[in-house]
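Student: I would like to learn how to read a structure like this one, beginning with a helix and what surrounds it. Could we go through the features one at a time?

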Amino acid sequence: MRAVWITRHGGPEVLEVREAPDPIPGPGEVRIRVRAAGLNFAEVMARQGLYPDAPRPPCVVGYEVAGVVDALGPGVERPAAGARVFALVHFGGHADAICVPAASAISIPEGATFEEAAALPVNYATAWLMLFRTASVRPGERVLVHMAAGGVGIAALQLLRTVPGAVAFGTASGSKHEAIRREGCAHPIDYRTRDYAAEIRALTGGEGVDVVLDPLGGRDWAKGYDLLREGGRLVAYGFANASGGPRRSWLRVLVQGVGIPRFDPLRLMARNRAVAGFNLGHLWRRPELVGGALEAVLALWREGRIAPRVDSTFPLERAAEAHRRIQERRNVGKVVLVP
Ligand SMILES: NC(=O)c1ccc[n+]([C@@H]2O[C@H](COP(=O)([O-])OP(=O)(O)OC[C@H]3O[C@@H](n4cnc5c(N)ncnc54)[C@H](OP(=O)(O)O)[C@@H]3O)[C@@H](O)[C@H]2O)c1
């Protein structure tokens, strides 16, 4: 098998494709011959040394794959060899083969491509659980989606379309506004040229929004909290602000760290606001939550109400370019590796 190794923390140049014997599926496992693997912002941060959950280098990351079952471990009958499946995996996905528990291999809907299937699990499970479990979005509510043109951002916009009357505000580079408008963003805001908080206050007559989904972190968590109207919920789910250039900068991490607000329960009570955190990677012991979310998004996909958007595809050998595409803020939707 071939896999993309993070040989040490650093810029995209630290990535290296290495060969190894194919993994053998153990009891209860199947081996997937990977045809497409999702690249997430977290994996870019893992390469930089900014993602504490990642294994220490040298390591292979990658949270999601789609491909064909090509070997069954002892005791496994389904999915059968030849089945087209996708799966969430706990690292190791950026490879052309991986073994997963048979129960976690989910059939790819007919007509869907491997690239689309690889673009689904992390982004849509994250967006679905945040919107419909953590924040319990209701019809007619206003939701601010940051990094709206990224993988999770577009998933959140598409899912919000299924909520009657929900109004999506989204931050993204100006060149991506037409694309996110088409995905359901009523108010795209170019955070690079304007103060998004001032813009939202102006658009809402000073009232603010009901829900903020914030993967930026640092001072943005304070800004998002201040934008909540009564009954509002802030969901913190990433710290993209810690990542600037290609390599880790401790100064940047420190500056952003100092900006993290402290929340006081008495003030939350007085102001009728809620602050929550979400981390899909820490839900491995609650498979029913993640499984329920995947079932729900699969149903919406089959009904044609959501559709994973693939930005670009790169062979494993060009994984560095894939990382750069995200880091240089050029993607609209999911970046996918195709072994
Ligand atoms: N907690 C969880 O379970 C969970 C799960 C998945 C993702 N996340 C988090 O959600 C966020 C989005 O992840 P994703 O995989 O959907 O992102 P993605 O598709 O890689 O999105 C990248 C886009 O984000 C924007 N961006 C904003 N700040 C950036 C920065 N400092 N560096 C580079 N790009 C930046 C850029 O778009 P513009 O040009 O429009 O700015 C860029 O094109 C990340 O913070 C990630 O860690 C959390």
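Tutor: Let us begin with a word that we shall need at once: contact means that heavy atoms lie within 4.5 Å, and buried means under 20% relative accessible area. Please keep in mind throughout that this is a predicted model.

Student: With those words in hand, what covers the buried residues of helix 1?

Tutor: The cover of these residues includes strand 1, strand 2 (15-19), strand 3 (29-39) and helix 11. Seven of the eight residues of helix 1 are buried, namely Ala42, Glu43, Val44, Met45, Ala46, Arg47 and Gln48. Just after helix 1 comes glycine 49, which takes a positive phi of about 85°.

Student: How many residues of helix 3 are buried?

Tutor: The general idea first: an α-helix has 3.6 residues a turn, so residues three or four places apart point the same way. Helix 3 (residues 121-134) is mostly covered, with ten of its 14 residues buried. The buried residues are Pro121, Val122, Asn123, Tyr124, Ala125, Thr126, Ala127, Leu129, Met130 and Leu131. After helix 3 comes serine 136, and its phi is positive, near 45°.

Student: How should I read a salt bridge, and how many salt bridges are there?

Tutor: Side chains of opposite charge can pair when their charged atoms come close. Here the count comes to 21 salt bridges. One of them joins the side chains of arginine 2 and glutamate 317, with 2.2 Å from N to O. Arginine 2 lies in strand 1 (residues 2-6) and glutamate 317 in the loop between strand 14 (310-314) and helix 11 (319-327), so this pair ties together parts that are 315 residues apart in sequence. Arginine 2 has a relative accessible area of 17%, and is therefore buried.

Student: Which residue does lysine 334 meet in a salt bridge, and is lysine 334 buried or exposed?

Tutor: The side chain of lysine 334 meets that of glutamate 64, at 2.6 Å from N to O. Since lysine 334 lies in strand 15 (residues 334-337) and glutamate 64 in strand 4 (residues 64-72), the pair ties together parts that are 270 residues apart in sequence. Lysine 334 is buried, with a relative accessible area of 2%, and glutamate 64 is buried too, at 0%.

Student: Where do glutamate 207 and arginine 229 lie in the chain?

Tutor: These two side chains also meet in a salt bridge, at 3.2 Å from N to O. Glutamate 207 is in the loop between helix 6 (196-203) and strand 11 (209-214), while arginine 229 is in strand 12 (residues 228-236), and the two are 22 residues apart. Glutamate 207 counts as partly exposed, with 41% relative accessibility, and arginine 229 is partly exposed as well, with a relative accessible area of 23%. Salt bridges can also share partners, and in this way Asp22, Arg31, Arg33 and Asp70 are joined into one network.

Student: What does the side chain of arginine 233 make a polar contact with?

Tutor: Arginine 233 is found in strand 12 and is buried, with a relative accessible area of 13%. Its side chain makes a polar contact with the side chain of glutamate 141, at 2.7 Å, and the side chain of arginine 233 also reaches the backbone oxygen of glycine 231 at 3.2 Å. Leaving aside neighbours within four places in sequence, the residues in contact with arginine 233 include Ala135, Ser136, Val137, Arg138 and Glu141.

Student: Finally, how is the protein divided into domains, and what is the area buried between them?

Tutor: Domain 1 takes in 2-120 + 309-337, and domain 2 takes in 122-281. Their centres, taken over C-alpha atoms, are separated by 27 Å, and 26 residues of domain 1 are in contact with 26 residues of domain 2. The area buried between the two domains is about 2100 Å², of which carbon and sulfur atoms give 51%. On the side of domain 1, Leu50, Arg309 and Arg329 supply 28% of the area buried against domain 2, more than any other three residues.

Student: How many salt bridges are counted between domain 1 and domain 2?

Tutor: The count is two salt bridges, and the interface also has 17 residue pairs in polar contact. Helix 1 (residues 41-48) gives the most to the side of domain 1 that touches domain 2, with four residues. The residues of that side divide into nine nonpolar, nine polar and eight charged.

Notes. Residues numbered from 1 in each chain as written. Predicted model: local features only at pLDDT ≥ 70, side-chain atom pairs only at ≥ 80, totals over all residues. Heavy atoms only, no water. Salt bridge = Lys/Arg side-chain N within 4 Å of Asp/Glu carboxyl O. Buried < 20%, exposed > 50% of the residue type's maximum accessible area, 1.4 Å probe, protein only. Domains from an automatic or database assignment. Buried area = accessible area lost by both parts, 1.4 Å probe. Polar contact = N/O pair within 3.5 Å; in protein donor to acceptor, adjacent residues only side chain to side chain. Nonpolar A, V, L, I, M, F, W, Y, C, P; charged D, E, K, R; others polar.
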